[in-house]
Structure formats: C-alpha cells, structure tokens
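These are my notes from a first look through one structure. I wrote each entry as I looked the item up.

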Amino acid sequence: MSGIRVIELGHALAAPFACALLADFGADVIKIEHPAHGDSLRDMGPMLDESSAWWSVTGRGKRSVCVDFKKAEGLHIVKGLIRQADIVVENFRPGVLDRAGLGWAALHEQFPALIMLSISGYGRGGPYSDRPGFGKIAEAMSGATHLTGDPAAPPVHPGYSLGDATTGIFGAFGVLLALRHRDATGEGQLIDLALYESLLRMVEWQVPLHAVLGQTPVRNGAVFPFEDAFLTDVCATADGESVVVSAATTKAKDSVRQMLVAEGLLSDESVSDESVSDEPVSVDMMSQTLRGWVLTRTREEALSTLLAYDIVAGPVYTTRDIVADPHMAARGNLVTMPSNHGVDVPMPAVVPSMSATPGEVRWVGPALGQHTGEVLTDVLHLSAAEVDALTEAGVVGPVEGP
C-alpha cells in the first residue's frame with residue numbers, strides 16, 4: 001500500500017479499524033480529528049498517560065491532523081488533502097458529510113478517481129438508514145447475538161467489538177477491490193457498507209437453513225447449532241481452566257470415540273465404521289462423556305491425551321496465556337512498540353504474513369494533532385506563518401507532537 005494516501009474521517013471504531021489495516025501495509029493514513037477532543041476511542045478503556053491503550057493499537061501507523069472542517073478554512077484544508085488522496089474513509093451517519101460539503105456526490109464530481117469507503121449503522125439506503133447504529137446493534141441485527149449464549153438464558157454479546165472489527169475487515173477488502181478497478185479504468189467508486197452486513201455474511205448458513213428447511217437456529221451454548229453434525233464443546237478442567245474440542249468431520253469424531261473407548265468410558269461396540277446418520281453413540285452423549293473425563297484432569301493433562309489421539313483440541317486462552325505462548329512468539333504474533341510517553345506497548349502484530357510484501361507497525365497511535373504541522377507543510381506546502389495563523393484562528397491545532 002506504499003504510495004496510497006488515505007484520508008480518515010472516521011471515529012470509533014469500524015472506519016479506524018479498516019484504516020489501521022491499510023496503514024499496517026504502508027498506506028499513508030491521515031486521520032482528521034477535531035482540535036478540541038479528537039476520536040472518542042482515545043478515551044475508551046484504561047489509559048496510557050493521555051490516551052487509551054486501545055488507541056495505541058487502532059491509531060497505529062496514522063498521522064493525526066486536527067482540523068475543524070465546520071469552518072470554511074478548515075473545509076478548504078480537508079478538501080486540499082482529499083485532492084491529493086486516493087481514498088476517503090468515513091463512518092458518520094448518512095447525510096452528515098453531505099451537509100459539510102464532503103459527501104460522496106460532491107467529492108466524486110470534483111475528484112472522479114477518488115474512492116470512498118462509507119460505513120454506517122444501516123447503510124446509505126433503506127428505511128433504517130437515518131437511524132444511529134453501533135457495533136452491538138449490528139451484531140444483534142445480523143443474527144449473531146441470537147446464536148450466542150446459553151439456550152436457557154438471554155442472548156449475549158461477545159466481549160469485544162466483533163461487529164466493528166469484521167466491518168473494518170470487509171471495508172478494507174472493498175478498498176482493495178476498488179483500487180483494482182481504478183487501476184483498470186481510472187474510475188473511483190463508493191463502497192457503501194452497513195455495520196450489520198459483515199456478520200450477516202459471516203453467519204452464512206442461517207438464512208438458507210430457514211428459507212429451505214424452515215428451521216430457525218437457536219443458541220446452543222458452546223455446542224455448534226448443528227449438534228448432530230459436529231462435536232464441538234468447551235470443557236472445564238480440574239485446575240479451573242478450559243479446553244475446547246472440535247470434531248467437524250467423521251474422522252475427527254471417530255478419533256474422539258476411539259479415545260473414550262481406550263479410556264474405558266465407552267464400550268468397544270460403540271466404535272463403528274457406519275455413516276454419521278447411523279452412529280451408535282450420539283454426539284451429545286460423546287460430548288457429555290468427554291466433558292466428565294476432562295473435568296478430572298488439569299488443562300495440560302487433558303490436552304496431552306487428546307492430542308496423543310490426534311483429536312483437534314486446544315486451550316481456552318486468557319491474555320496471560322497469549323503473551324506467554326511460545327508458538328505465538330515463534331510466529332511473531334505480538335510486537336512491542338515504544339509509545340509517545342516512553343512506555344513500551346505490546347500489541348497484535350500485522351496480519352496476514354506476506355512473503356514478498358510484509359506489513360509493519362511503524363508507530364503507535366499518535367498524540368492528538370501530532371502531525372498537524374508536518375502534514376500542512378509537507379502535503380499542502382503551507383508556510384509556518386500560515387500554519388500559525390490557522391492555529392491562532394482555531395481552525396487547526398495543536399501542531400506540536402508530544
């Protein structure tokens with residue numbers, strides 16, 4: 001992505017996540033923030049001095065420029081930056097940027113090669129387009145929330161920003177498709193993405209199951225909704241940890257059955273070469289038996305036996321486990337970066353790993369306005385006096401880094 005310039009008019013979280021992915025692979029992401037407060041993500045969660053630990057990751061590799069584009073001079077600056085950009089990414093409610101003079105119709109007329117990624121709760125069309133929307137609302141609308149949790153309890157949200165992050169991934173994917181199209185035709189285009197659409201696409205089996213078979217999938221705890229097809233479960237261990245077992249093929253389920261026989265928990269008669277539909281032992285029975293067996297062992301003891309039988313199993317990790325794991329260390333899954341305030345910050349490394357064009361975390365999320373002066377002088381070629389005048393007028397600022 002080196003040589004590609006992105007103007008981020010985004011705020012927590014889907015658009016900034018998409019831009020962070022692009023920045024990881026070399027895009028020059030210029031993040032436009034309001035001089036008074038900046039992205040609200042800066043204040044979410046535990047703080048590292050003046051900004052959150054979360055911001056250090058989502059803001060990484062970007063240049064922060066503070067501009068109030070509600071003022072005429074600020075709008076002129078933002079349009080000047082867009083004139084020299086390839087992509088604009090935004091996640092305001094539909095109509096907000098149009099009223100500011102930065103909507104798709106106006107920008108496309110002025111800059112026909114420009115690509116715009118527009119993310120909103122419900123997209124730019126349809127009866128709900130004017131509604132406000134955040135990630136958790138999108139997760140619920142997609143059907144994902146309905147499928148998550150214990151069947152005897154209300155649905156639960158995942159404990160992280162699943163809807164925003166998956167939308168950010170799909171958004172970055174759309175940007176790459178649009179760049180490919182522009183390479184061929186010279187034309188830019190609008191990418192219209194609703195927050196709920198990414199998870200609707202990912203839970204790809206729920207709609208055909210309902211439409212063709214008349215079945216509505218329901219929550220099934222840690223077990224996959226198609227319980228007769230797969231054996232998948234989270235099993236508690238004697239030391240208060242957990243392991244997950246996933247047997248998604250006939251061969252994998254046979255491995256579980258063979259282990260349970262060898263451990264004396266199932267009879268030899270239960271071992272069969274019959275098809276899945278004729279299995280003498282149900283998946284539910286095997287899951288219950290497996291759960292009881294795992295509960296009598298520590299996590300490491302259970303995993304050692306399960307893996308010896310070639311069963312697809314693994315530990316349920318906490319963050320403590322992640323940072324200590326030798327495989328993740330060998331794969332380079334974590335990287336530690338110096339922050340603006342002298343604190344080293346470990347964070348997820350760049351994904352995916354590319355053999356010829358690897359990505360890189362260049363710096364952590366910048367201080368608010370850290371690159372304002374740099375961008376105004378290097379990109380727009382304003383003089384120091386002009387930058388000072390704009391700062392004095394409250395159009396831009398701050399212009400100093402930490």
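**Entry: surface patch**

Which residues make a nonpolar surface patch of about 390 Å²? I found Phe170, Phe173, Leu177 and Met202. I note here that the model is a predicted one. Helix 7 gives the most to this patch, with 3 residues. Met202 sits in helix 8, which runs over residues 197-202.

**Entry: overall layout**

I then stepped back to the whole protein. I count 16 helices and 13 strands in it. The C-alpha atoms fill a box of roughly 85 × 50 × 40 Å along the principal axes. Of the 402 residues, 43% are buried.

**Entry: largest pocket**

Rolling a probe the size of a water molecule over the atoms shows where empty space is left. I looked up the largest pocket and read a volume of about 1400 Å³. Its lining has 38 residues, and the closest to the centre are Phe17, Val57, Arg60, Pro348 and Ala349. Which elements give two or more residues to this lining? They are helix 1 (14-24), helix 2 (53-58), helix 7 (162-185), helix 13 (319-324) and strand 13 (344-348). Helix 7 holds the largest share of the lining, 7 residues. Helix 7 had already come up in my notes as the element that gives the most to the nonpolar patch. By class, I recorded 29 nonpolar, 7 polar and 2 charged residues in the lining of the largest pocket.

**Entry: second largest pocket**

The second largest pocket holds about 730 Å³ of space. I listed 35 lining residues, with His11, Asn91, Phe92, Arg93 and Val96 nearest the centre. At least two lining residues come from each of strand 2 (28-33), helix 4 (96-100) and strand 7 (115-120). Helix 4 gives the most, with 4 residues. The classes in this lining are 16 nonpolar, 11 polar and 8 charged.

**Entry: salt bridges**

Side chains of opposite charge can pair when their charged atoms come close. I searched the whole structure and found 19 salt bridges. I took three of them for a further look.

The side chains of Arg63 and Asp28 form one of them, at 2.8 Å from N to O. Arg63 is in strand 5 (residues 62-66) and Asp28 in strand 2, so this pair ties together parts that lie 35 residues apart in sequence. Are Arg63 and Asp28 buried or exposed? Both are buried.

Arg42 and Glu33 form another, with a distance of 2.7 Å from N to O. I found both Arg42 and Glu33 buried.

For Arg320 and Glu241 I read a salt bridge of 3.4 Å, N to O. Arg320 lies in helix 13, and Glu241 in the loop between strand 9 (231-236) and strand 10 (242-247), so the pair ties together parts 79 residues apart in sequence. Arg320 has 53% relative accessibility, so I put it down as exposed. Shared partners join Glu241, Arg299, Glu300, Arg320 and Asp321 into one network of salt bridges.

**Entry: backbone details**

I looked next at peptide bonds. The bond from Ala12 to Leu13 is cis, with omega near 5°. Leu13 is in the loop between strand 1 (5-9) and helix 1. Val351 and Pro352 are also joined by a cis peptide bond, with omega about 5°. Pro352 belongs to the loop between strand 13 and helix 15 (372-378).

Then I turned to phi angles. Asp310 has phi near 60°, a positive value in a residue other than glycine. I placed Asp310 in the loop between helix 12 (299-308) and strand 11 (313-315). With a relative accessible area of 57%, Asp310 is exposed.

Phi of His381 is near 60°, again positive in a residue other than glycine. His381 is in the loop between helix 15 and helix 16 (384-392). I read a relative accessible area of 63% for His381, which makes it exposed.

**Entry: one more histidine**

His210 and Gly123 lie 87 residues apart in sequence and 25 Å apart in space, C-alpha to C-alpha.

Methods
Residues numbered from 1 in each chain as written. Predicted model: local features only at pLDDT ≥ 70, side-chain atom pairs only at ≥ 80, totals over all residues. Heavy atoms only, no water. 1 Å grid on protein atoms, 1.4 Å probe; cavity = no way out; pocket = protein on both sides within 12 Å on 5 of 7 lines; lining within 4 Å. Points joined across faces, edges and corners; volume = space filled by probe spheres on them. Nonpolar A, V, L, I, M, F, W, Y, C, P; charged D, E, K, R; others polar. Patch = residues over 30% accessible without salt bridge, like charges linked within 9 Å, V, L, I, M, F, W, Y side chains within 5 Å. Areas by Shrake-Rupley, 256 points an atom, 1.4 Å probe, with all protein chains shown as cover. Salt bridge = Lys/Arg side-chain N within 4 Å of Asp/Glu carboxyl O. Buried < 20%, exposed > 50% of the residue type's maximum accessible area, 1.4 Å probe, protein only.
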